[in-house]
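Reader: Before we turn to individual side chains, could you take me through the charged pairs and their surroundings, step by step?

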Amino acid sequence: MSTTTAKAALQGARQDPKAGAYRGPTRTKMERRRNLWIWLFLLPTVVLYGLYSIYPIIASYWYSLVQWNGFESEQTFVGISNYEAVLADPAFWSSVRITLIFMLLVAPARILLSLVLAVVLNSPKLPFSKLFRTVFFLPVVTTTAIVGVVMQFIFDPSSGPINAALRAVGLDGVNFLGDSSSALFTVSAVYVWKFFGITMIYWIAALQTISSDVYEAAKIDGAGAVQIFRFITLPLLKPFLIIISLLTIEDTFRAFDLMLTMTGGGPFFSTEIIEIYIYRWAFAASIPQLGFASAAAVLFGLFVFVVGLIQLWGVYAARRIQAENK
Amino acid sequence: MIELNRRAFLGAGGAVAAAAFLAACKPQSSGAPAGTPDIRWWDHYSALQKFHDTWAADQSKKLGANITHTYNDASKSAQALQLANQSKQLPDIYSNTLGLPLSALVQEKWLSEITMPQESQDRLPKGSFTEGVTNLDGKLYGLPLFSFRQYSTATWFNKDIAAKAGIDAGSPPLTYDEFRAACKKVKDLNGGFAAMTLALGDPGRMRDQMDDMAQAGGFAGYQGLKFATGEYAYHDDAYVNGIEFWKELNDSGYILPGSSNFTVANARTRWASGAAAFFPDGPWCAGGVRNVAANFVPMLENGPLLKAEKGSEVTVYRGAPGAQFFVAGNSKDPALASKLLESFTTPEYQKGLAAGMDQPPIDLDVVDKADVIDPYKKVVSYFKKTVYRAPQAVVRNPEISVAQSLSKPVSPLLGDIIQGYLGGDITDLKGALKTLSDNFSADREQAIKGATAKGAKVSLDDYAFPDWKPGTDYVYA
């Protein structure tokens with residue numbers, strides 16, 4: 001049956017009340033078949049997401065209420081005492097503080113640097129803009145753990161190229177990763193370099209929603225580049241700014257692989273973000289404390305959830321601003 | 001030409017994916033005849049990888065089994081075993097990186113009894129098997145492989161740099177003062193290498209090495225625990241002096257920059273590349289260096305553990321030989337797995353073990369006849385003279401293992417404190433060490449309380465050995 005014939009048959013069935021008995025099974029059969037395909041294609045995602053995301057989340061809620069080392073089968077229900085222990089641990093609050101400092105260091109840098117770069121790369125006058133976009137995006141697709149290991153060599157105080165360059169110009173070498181006063185800043189800089197490409201792509205996509213007619217009209221009115229950016233680009237990017245900022249902020253809470261490979265949380269816990277704190281108690285302790293670590297993970301999860309809620313509100317606000325702009 | 005529409009493409013893609021999935025599910029062919037039993041063997045001994053691979057192949061033929069040996073990095077080994085146990089995929093035999101006492105492992109069915117004829121057990125030196133450590137209720141559960149007579153802080157050095165600095169390789173530094181003077185000589189050379197390196201990024205190794213230094217500096221106990229009284233005393237002067245010594249070396253610029261981030265492997269590799277003259281490390285340094293930089297082996301030389309002052313004697317104390325290998329509780333063929341472990345007691349295996357130049361074999365005399373370099377023989381000779389058997393609460397009262405299994409990790413540990421003090425994050429060293437002692441005492445008290453509630457007959461007195469005498473192997477009354 002051709003598409004036209006099928007459409008005509010369906011229209012005829014809709015107009016003919018007597019054809020109800022015929023119309024039902026055909027539509028139901030087609031819908032069922034379509035739904036079957038939908039579910040079939042969704043199945044791998046549903047199964048894998050359920051197994052590797054939903055189940056661990058639910059399990060961690062249970063584990064947070066028990067005392068369990070992972071070696072023994074005995075899981076003693078201890079109620080909220082793991083939560084009490086986590087909240088009473090100064091090292092947990094230290095890791096919360098470090099996580100927030102890290103976020104405050106990297107999120108604004110990622111957002112602003114990538115915006116500037118996106119504006120430059122979005123210019124139709126710039127030659128090789130596609131090449132530059134690829135080059136700046138390349139670190140995003142590089143394996144984070146490998147970046148971490150390579151950066152250890154790059155920042156090595158005795159044989160790394162950065163310290164060699166510093167010494168070549170007569171400066172003293174810096175123990176970038178081995179000094180607690182510089183380690184967090186160093187990892188932050190690498191993190192921004194590694195991930196700002198993704199934010200840059202968001203900005204380029206946002207910039208491309210602005211019609212070139214608007215820019216041309218502004219130019220005819222005598223506006224310069226700064227004025228165009230200040231009075232045209234920025235106001236029109238406002239809704240995107242909210243969404244991109246929230247996405248970036250949420251992203252900064254996932255720095256485990258880079259931090260573990262570059263510093264392992266050290267020296268002396270100075271780069272121990274919450275994810276490393278959880279890992280330390282769950283896997284790196286002589287006798288793992290999975291209940292305690294799960295309680296810390298649940299608290300961290302709730303924190304990220306709150307950020308997610310703010311994000312939802314942000315999306316709503318952004319849409320409202322967009323509607324007002326129209 | 002065949003037209004490829006979307007449906008055909010998806011269908012073909014699905015068929016390829018299904019075929020790949022089925023191929024991946026099919027067991028790997030080992031080349032062994034069908035029906036040959038499989039034995040999986042995991043361990044974390046990096047210097048013994050090649051030897052163990054060869055041993056697995058040889059024993060496959062001898063035992064008529066398909067034995068596969070897998071090496072896991074020490075830092076990941078416990079996690080791998082934890083995950084394997086939860087998914088009921090423990091290997092048939094595995095090395096011990098678990099933090100639980102033997103009784104808890106037996107109770108939790110992590111282990112099967114090792115069935116080994118007495119004559120095979122008798123091949124190992126007398127005193128190798130200890131109730132509560134390798135045996136439980138007379139049954140053997142853990143095979144000891146390595147001698148307890150060893151420490152982690154021999155003074156390894158680069159002969160070439162030492163010669164340039166005018167340090168006689170035949171009379172290496174023995175005291176803190178001599179070592180400090182040797183470091184100064186190296187630094188004054190300005191030869192593009194540092195005086196020494198340490199694995200300061202590995203708090204576990206730092207703890208082990210400072211435990212050694214404290215004992216050599218006069219601490220009459222092990223891991224902060226005083227033998228005679230059973231009290232925690234990390235704030236003892238011997239620990240403070242040892243850490244202050246390292247701090248002084250660090251502040252004097254003798255330690256290779258970047259050492260604060262080094263794991264043991266990083267530090268050893270850097271040292272073997274000629275980046276520093278001295279590297280305090282265990283006997284496994286020889287095997288480890290041979291694995292990563294074989295051409296550096298001729299440069300290897302060592303001296304014993306440093307002592308704080310001239311005239312004093314280095315004495316180190318260690319507990320009974322530990323259980324190094326287990327047979328898994330879920331092994332389908334524990335008898336065959338036991339046979340593989342039995343092969344570890346043969347002279348051929350012990351010789352191969354010594355030749356790996358990792359931890360010394362349980363029979364130290366094997367080392368002299370094995371294919372090892374002279375510096376390895378030398379370091380083992382120090383152990384023979386200066387390492388003694390320490391008293392252990394769990395050996396005198398096996399019920400202490402109940403309290404051990406209820407113990408919770410303490411943080412920060414000694415290694416963290418060393419890292420913090422050297423980096424300037426901790427300024428009150430003695431205060432931090434006192435807090436560490438208090439934390440360990442508090443944890444032990446809660447563990448004893450918990451064990452008593454479970455019916456175990458344990459008390460703080462179990463940790464005190466007033467009859468302990470320095471410079472002797474402890475004998476239980």
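Author: A salt bridge here is a side-chain nitrogen of Lys or Arg within 4 Å of a carboxyl oxygen of Asp or Glu. The model discussed is predicted.

Reader: What is the distance between the closest N and O atoms of Arg254(A) and Asp251(A)?

Author: Side chains of opposite charge can pair when their charged atoms come close. Arg254(A) and Asp251(A) form such a salt bridge, and both also belong to a network of salt bridges with Arg110(A). The closest N and O atoms of Arg254(A) and Asp251(A) are apart by 3.0 Å.

Reader: Is Asp251(A) buried or exposed?

Author: Buried means under 20% relative accessible area, and exposed means over 50%. Arg254(A), with a relative accessible area of 53%, is therefore exposed. Asp251(A) has a relative accessibility of 17%, so this residue counts as buried.

Reader: Which residue does Lys247(B) pair with in a salt bridge?

Author: Lys247(B) lies in helix H9 (residues 237-251) of chain B, and four residues away, about one turn of the helix, is an aspartate of that helix, Asp251(B). With the closest N and O atoms 3.8 Å apart, the salt-bridge partner of Lys247(B) is Asp251(B).

Reader: Which backbone oxygen does the side chain of Thr252(A) reach?

Author: Thr252(A) is found in the loop between helix H10 (225-251) and helix H11 (256-262) of chain A, and is buried because its relative accessible area is 3%. Its contacts include Phe102(A) and Tyr191(A). At 2.5 Å, the side chain of Thr252(A) reaches the backbone oxygen of Ile249(A).

Notes: Residues numbered from 1 in each chain as written. Chains lettered and ligands numbered in written order. Predicted model: local features only at pLDDT ≥ 70, side-chain atom pairs only at ≥ 80, totals over all residues. Heavy atoms only, no water. Helix = DSSP H or I, 4+ residues; strand = E, 2+ residues; numbered from the N terminus. Buried < 20%, exposed > 50% of the residue type's maximum accessible area, 1.4 Å probe, protein only. Contact = heavy atoms within 4.5 Å. Polar contact = N/O pair within 3.5 Å; in protein donor to acceptor, adjacent residues only side chain to side chain. Lists of a residue's contacts leave out its neighbours within four places in sequence.
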